[in-house]
Amino acid sequence: MVIAIDLGSNTFRVALIKKEQNGFSNEQIYEKIVGAARGLNESGKIGLEAKNRLFEAIVEAKSKFDFTKFKCVAVATEAFRVASNSEEIFSEIREKFGINFHIIDGQAEAKLTFLGVQNALRKLRINDKFGIIDIGGASSEIGEDGKFISFKFGIITFYERFKALDLMQENAKIYTKEAREFLTSLDNRLIVLTSGVPTTIAALKLGLNYENYDPKKVSGYELKNDDLAWFVNELLKMDDKSADVAVGRSRKYPLIAGTLLLKELLNGQKAKFIVIDDGLREGVGTAYLKGIFQEIITKF
């Protein structure tokens, strides 16, 4: 078994991954919103509040997982690729917590996410050829096996740039133009949607909220185009306190931003859309237990 950590531009996700006969499974999971990309557009740095939230999340994770018994493999993504103080933060984490983070590039992130999704689909007995869309906090990875591109837009950076709903609606199509063209060129009949936006849409459609969120119920949900407009309308009807309960604290407007981006990406696609909770975190654990983690993060 291995402890796999995905430190994204918005969320800190940890899982204890176990090898089984038919693939790999999560024995234990933990996640927390740390908002690493908040303020990144303006400052070019990971902010002090985000750093403190990250350190608190690591302390919580250390109390829940046996880091003395199991190897830990940790990756960080786009916010840390561009922030000027990433190395300083990770040096402090190594000293305080003994965790060594690998800052991986977009290609490696997409490949590892693909592995995590592939394993989840096998467990659901879905063997179709598929593509992935992973809209993160500061970047979005799109592709299919052997062909991936990381695009420089994400829900946090997009939301912080525009803030107002009308401006986000006007600019979502512009921001996603190249990504939409690339996605169309792949021509997959099945597109897997992973990351916080589609999983939260699926959860709300299933009657779940942030506290009772269940990844097993969410994975395999078939998302329809109508679900996206429904989700935005539901969030707009909620006051901030109700939204905090439904989808998590301070997530209402970034989720609306991400849904507008996803809506533009999926516009005109004739594929079936499946939501899968598993992603980069599970891919990191899968790759490590397969002995290919180092090869992936150095190849790309």
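Me: Which residues line the largest cavity of this predicted model?
Reply: The model is a predicted one, and the count comes to 1 cavity of 30 Å³ or more. About 40 Å³ of space lies in the largest cavity. Its lining is formed by N10, I33, R38, I155, I156, S250, R251, P254 and L255.

Me: Which elements give two or more residues to the lining of the largest cavity?
Reply: By class, the lining of the largest cavity has 5 nonpolar, 2 polar and 2 charged residues. Among the lining residues are I155, I156, P254 and L255. The elements that give two or more residues to this lining are α6 and α13.

Me: How are α6 and α13 oriented to each other, parallel or perpendicular?
Reply: Helix α6 covers residues 155-162, and its axis is 8 Å apart from that of α13. The two helices pack at an angle of about 105°. Angles of 65 to 115 degrees count as roughly perpendicular. The helices α6 and α13 are therefore roughly perpendicular.

Me: How many nonpolar, polar and charged residues has the contact of α6 with α13?
Reply: On the side of α6, the contact is made by I155, I156, F158 and Y159. On the side of α13, Y253, P254, A257, G258 and L261 take part. Gly counts as polar. By class, the contact has 8 nonpolar, 1 polar and no charged residues.

Me: Which strands stand at the edges of the open sheet of 6 strands?
Reply: The order of the strands in this sheet is β8-β7-β6-β9-β11-β10, with mixed pairing. Two of these strands each have a single partner strand, so one side of each is left without a neighbour in the sheet. The edge strands are β8 (147-151) and β10 (221-223).

Me: By how many degrees are neighbouring strands of this sheet turned against each other on average?
Reply: The sheet is open and has 6 strands. For its neighbouring strands the average is taken with direction ignored.

Me: What is the bridge partner of I135 in β7?
Reply: Strand β6 holds residues 131-135, and strand β7 holds residues 140-144. These strands run antiparallel and are joined by 5 bridges. In β7, the partner of I135 is S140.

Me: Which strands does helix α13 touch where it packs on the sheet?
Reply: Helix α13 consists of residues 252-266, and its direction makes about 155° with that of β6. Another helix, α8 (residues 177-186), lies across β6, β7, β8 and β9, running at about 165° to β8. The strands touched by α13 are β6, β7, β9, β10 and β11.

Me: Which element gives the most to the lining of the largest pocket?
Reply: The largest pocket has a volume of about 840 Å³. It is lined by 40 residues, of which T11, R13, E31, G196 and R251 are the closest to its centre. By class, the lining divides into 16 nonpolar, 15 polar and 9 charged residues. With 6 residues, the element that gives the most is α9.

Me: Which element gives the most to the lining of the second largest pocket?
Reply: The second largest pocket has a volume of about 400 Å³. Of its 17 lining residues, N26, K123, P215, K216 and D278 lie nearest its centre. At least two lining residues each come from β3, α5, α10 and α14. The element that gives the most, with 4 residues, is β3.

Methods. Residues are numbered from 1 along each chain as its sequence is written. This is a predicted model: local features need pLDDT of at least 70, side-chain atom pairs count only at pLDDT 80 or more; totals for chains, interfaces and linings use all residues. Side-chain values use heavy atoms; hydrogens and water are left out. Two strands pair if DSSP finds at least two bridges between them. Axes are lines fitted to C-alpha atoms, for helices over the stretch in contact, and angles run from 0 to 180 degrees between N-to-C directions. Contact means heavy atoms within 4.5 Å. Angles under 35 degrees count as roughly parallel, over 145 as roughly antiparallel, 65 to 115 as roughly perpendicular and the rest as oblique. On a 1 Å grid over the protein atoms alone, a cavity is a set of points where a 1.4 Å probe fits but cannot get out, and a pocket is an open set with protein on both sides within 12 Å along at least five of seven lines; lining residues have an atom within 4 Å of a point. Grid points are joined across faces, edges and corners, and a volume is the space filled by probe spheres set on the points.
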